[in-house]
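Dear colleague,

I am handing over the structure that we spoke about, and below it you will find some notes on what turned up. Please read them with the model open beside you.

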Amino acid sequence: MHPVLRALGIVVVFVLAAVSWFVLAGVTDARGNTSKYAIREQVGALWGNAQSQRAPNFTVRWEEEVVETVDVTDAHGQVVSRRTDRRMETRTRPGELASTDVDVTLGLDERRRGLFWFPLYDVGFAGAWTYTHDEPLRRVLDIGFVFPDSNAMYDDFHVVVDGTEIDAVPSGGGVSHSMWVDPGQTVTLAVRYQSRGADSWAYQPTQGVGQVKNFALTMDTDFDRIDFPVPGLSPTTKVDNGPGWTLDWDFSSAVTGYGMGMIMPTRIQPGELATELAFSAPLSLGLFFLWVYVLGLLRGYQVHPVNYVFIAAAFFAFNLLFAYTADHLPVEWAFGTSAATSVLLVVSYLRLVVGARFAFVEAGIAQMLYQVGFAVAHFFDGFTGLTITVLGILTLFALMQLTGRIDWQKALSSRPAPVPG
């Protein structure tokens, strides 16, 4: 077969294989997206959703007499008399927190459903807040505590005001309590509960931009891969406690509109990984085809385009098998099984087409680098592009050194003779 026709045939095989991979990637992505939202709703109903705990509301309330003079007019608009109306109106103002002391414990509990891992967590919350009544008059203090998720479950829930536990009945997504406060009186509210959530947990000390006084929040995690919401405040101190971290946010006086919290660590999502591997697979196959073609040109191997069809099918088998085993096996086992199957198919086939040495050494090593090595890079966030670049440069260097003395005009015009060495 003429070298140019063989090269064109290889290109056609590559294009058809690339189209097949793109179709597989689209099917895998659609398959994942179709079930993702339904599964996410099920997980949320069983376990909970992302939680964001707001600081309690302290509102000072009082009745104030309003005196209003009303003009009485006749039909011509002339004032004929005046009367004074008196009525009582309710006035309110927000009560500023004098101090905040919050302790949070987060325990990661990852669960897998289908092609997706969900970063679930158990949260233990204990908070204490104080308010000092600095007005000269006795007022009513309304205290409101809102749950971070109105549909979540809260175990061991207790509300204590000035050392006395109150019988707080949840209503409207929270609990409330009203009491009289005297001038100079300090009121302490303490709340604790155990709950469950997913994805992230946060605490919001203010509604909008506000002042935070004598603020202390301590968070203990049992996982070491920590990340913080953006926008948000980073901890003032961070201490390794063995399995995780102890994080502290301490402010004596600060003005901010940001909160603080934790984004739960996530595992590699099998469905998303299968889609990414399928989309990037043509790059691996293209480098492998180029390597096999040049070595065949140098050594006189007659690898027909039909042989390339079977090689491409063996490469495709890796992604196809991974896409449909990743939701049944741990992702590492699915990856290892798929990679071993593809390598076995290619090596055993090229052993018959070319020879054992070429199959196990040149082709086997090349497939481990281009397909398996490149796929492994997807497990490390941010290294995929670097891996492509490094493999591409190394391949370019090797091919330039191997083909530097080839007379391409002769090589592509007739059947090339084997190159010594």
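How many aromatic pairs does the count come to? In this model, which is a predicted one, the count comes to 19 aromatic pairs.

One of them joins phenylalanine 125 and tyrosine 193, whose ring centres are 5.0 Å apart and whose planes meet at 20°, so this pair counts as stacked, the limit for that being under 30 degrees. Since phenylalanine 125 belongs to strand β5 and tyrosine 193 to strand β10, the pair ties together parts that are 68 residues apart in sequence, and both residues are buried. Ring pairs also link these two into a cluster with Trp129, Phe145, Phe147, Tyr154, Phe157 and Trp201.

A further pair, between phenylalanine 310 and tyrosine 349, is tilted, with 5.4 Å from centre to centre and 45° between the planes. Here phenylalanine 310 lies in helix α3 and tyrosine 349 in helix α4, so the parts tied together are 39 residues apart in sequence. Phenylalanine 310 is partly exposed, at 48% relative accessible area, and tyrosine 349 is likewise partly exposed, at 21%.

Rings also meet charges: the charged end of arginine 196 sits over the ring of tryptophan 47, 4.2 Å from its centre, while lysine 238 lies over the face of tryptophan 245, 4.9 Å from the ring centre.

As for the strands, eight of them form an open sheet with mixed pairing, in the order β8-β7-β10-β5-β4-β12-β14-β13, and its edge strands are β8 and β13, each of which pairs on one side only.

Note on methods: Residues numbered from 1 in each chain as written. Predicted model: local features only at pLDDT ≥ 70, side-chain atom pairs only at ≥ 80, totals over all residues. Heavy atoms only, no water. Pairing = 2+ DSSP bridges. Helix = DSSP H or I, 4+ residues; strand = E, 2+ residues; numbered from the N terminus. Phe/Tyr/Trp six-rings, centres within 6.5 Å; stacked < 30°, edge-to-face > 60°. Buried < 20%, exposed > 50% of the residue type's maximum accessible area, 1.4 Å probe, protein only. Lys NZ or Arg CZ within 6 Å of the ring centre and 35° of its normal.
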